[in-house]
Amino acid sequence: MVDKSAKALTAEATRRRTFAVISHPDAGKSTLTEALALHAKMIAEAGAVHGKAGRRSTVSDWMEMEKARGISVSSTALQFSYHSSETPDDQVNVINLVDTPGHSDFSEDTYRVLTAVDAAVMLIDAAKGLEPQTLKLFQVCRHRGIPVITVINKWDRPGQTPLELLDEIHERIGLTPTPLYWPVGIAGDFRGLLRRGEDGAATEYIRFTRTAGGAKIAPEEILDAEAAAAREGGEWETAAEESELLSASGQDHDQEMFLAGQTSPVIFASAMLNFGVRQILDTLVALAPAPGPRDDVKGTPRTVTDPFSAVVFKVQAGMDTAHRDRLAFMRIVSGVFERGMVVTHAQTGKPFTTKYAQTVFGRERSTVESAYPGDVVGLVNATALAPGHTLFTDKKVEFPPIPSFAPEHFSVLRAESASKYKQFRRAVEQLDSEGVVQILRNDIRGDAAPVMAAVGPMQFEVVAARMKAEFSVEARMEGLPYQLARRTDAESATELGRQRGVEVFTRSDGVMLALVSDKWRLQYIQKEHPELTLEPLVATA
Ligand code: G4P
């Protein structure tokens, strides 16, 4: 029997940490995920870590596309339990790692995942520093007030100096880095971590030993400052000096500033060698926020001890053509989820049975029996559910919709054959309601040729693949020469329609968007016509 008392719920929520890794492709997200899993006791097994044969035979075309490109189209959650050596013996934490698709062709899903987490780990390649996709994802974290822990990865390889990397973070994104651990040994000669205490003084030295290929947890030796100096000599002195320098410039951890998104604790690591990975987990446990209350549409907080409620943050269809299923991923906000319970879908007021609840990571699935605030559960055959929707029991609640993000790719969509027009319209409606792409229309183009707007061009391929597989419609796409979308209004539309390189559309949620050819054109129009409404959507660049 599941304990649903407020005390049990608070305890379950308090021991949970739900986070995502934001990074640019190749920074080491997959390697880090496996390294984290190595330190933890898996609850829901990671497909990324142990592939089970058999499942693969049922993958759909869509999955074929994913396989062919070697990228992850799905974004789901990995759950494991972890005991930090820094917490009491009987404290076991539950860590939910929500996967963000990491390819440069990313989609709105990448952003939506960030609505389901309480913290983010920003993973940076020590040689490359901040890269474009990391920057975009960081902006979304900032916008949503998600606290960020910075991990500088690949310290076992030559890279920039640690101070240069911190300067870059500070200058380019205005986030104050506050290292918790400082590397001993330059990039390429990673010996261990100096743990920073008050005023930057070392509280201990964690010395790592390599294991073959980083396949095992790297053994750690804990030394005091004196022993560290004797062992590492000049390397230790440099690290100790730099650490004190950081304190002199105020770069020490401050929990309030971290939660406010103004500072970011920093850890140096090598995901490949398993160095610093325990420290990442310990930091998540010690500093990242546990699942807390979420405001509903009226601004009233739903607390974790309230009856069950959850927000759908992603819908994935056609994962398995053999079963034609549609998986909706929800993050639990309050109460206990038990498989089989009947919940209410807030948007339609209809009941929804949860007999087929699963946790999913990569291609692996397992059935989930119960889940708590902060956990992610996939619901099978959830046809009515779309991103942003609310599910609840007992006490009615509706959470605010997930904002749609600023699209940067635009394409006209047409049915290859006019005889399939009906199926085509149905398909467009379905994909629009699921939030696969944003659909834009205007009178000039008409309904037969709507415009799709996406954050990443791969969303268009997903549309074409699903139209064919699920609606038997061959669709044709033509790219449009626009790079930017701005929110506008009816008063500005006429004048904007006269401008070169601009076209005005209405999105299915009623928002009017002006598509503009490039930023120079936009600047020109803003200068010539300051009266026109041209507001940025969510800042992602
Ligand atoms: P991603 O998911 O962020 O795209 O990155 P992924 O983990 O796939 O890592 C990208 C490459 O960087 C891989 O090398 C991986 O081994 C390497 N890497 C990740 N973490 C570290 C690290 O801490 N140190 C070093 N030196 N390398 C790291 P690859 O050559 O592309 O693949 P593989 O042949 O090693 O598998």
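Student: How many strands does the open sheet have, and in what order?

Tutor: First, this is a predicted model, where local features need pLDDT of at least 70, side-chain atom pairs count only at pLDDT 80 or more, and totals for chains, interfaces and linings use all residues. Residues are numbered from 1 along each chain as its sequence is written. Strands here are DSSP runs of E with at least two residues, numbered from the N terminus, and two of them pair if DSSP finds at least two bridges between them. With antiparallel pairing, the open sheet has eight strands in the order β28-β25-β27-β26-β30-β31-β29-β32.

Student: Which strands are the edge strands?

Tutor: Look for strands that pair on one side only. Those are β28 (475-479) and β32 (535-536).

Student: OK, and which residue of β28 is the bridge partner of S411?

Tutor: β25 (residues 409-415) and β28 pair in the antiparallel sense, over five bridges. For S411, the partner in β28 is G479.

Student: Now the helices: is α7 parallel, perpendicular or oblique to α8?

Tutor: Helices are DSSP runs of H or I with at least four residues. Axes are lines fitted to C-alpha atoms over the stretch in contact, with angles from 0 to 180 degrees between N-to-C directions. The axes of α7 (residues 225-232) and α8 (residues 234-248) come within 6 Å and cross at roughly 130 degrees. Under 35 degrees counts as roughly parallel, over 145 as roughly antiparallel, 65 to 115 as roughly perpendicular and the rest as oblique, so α7 is oblique to α8.
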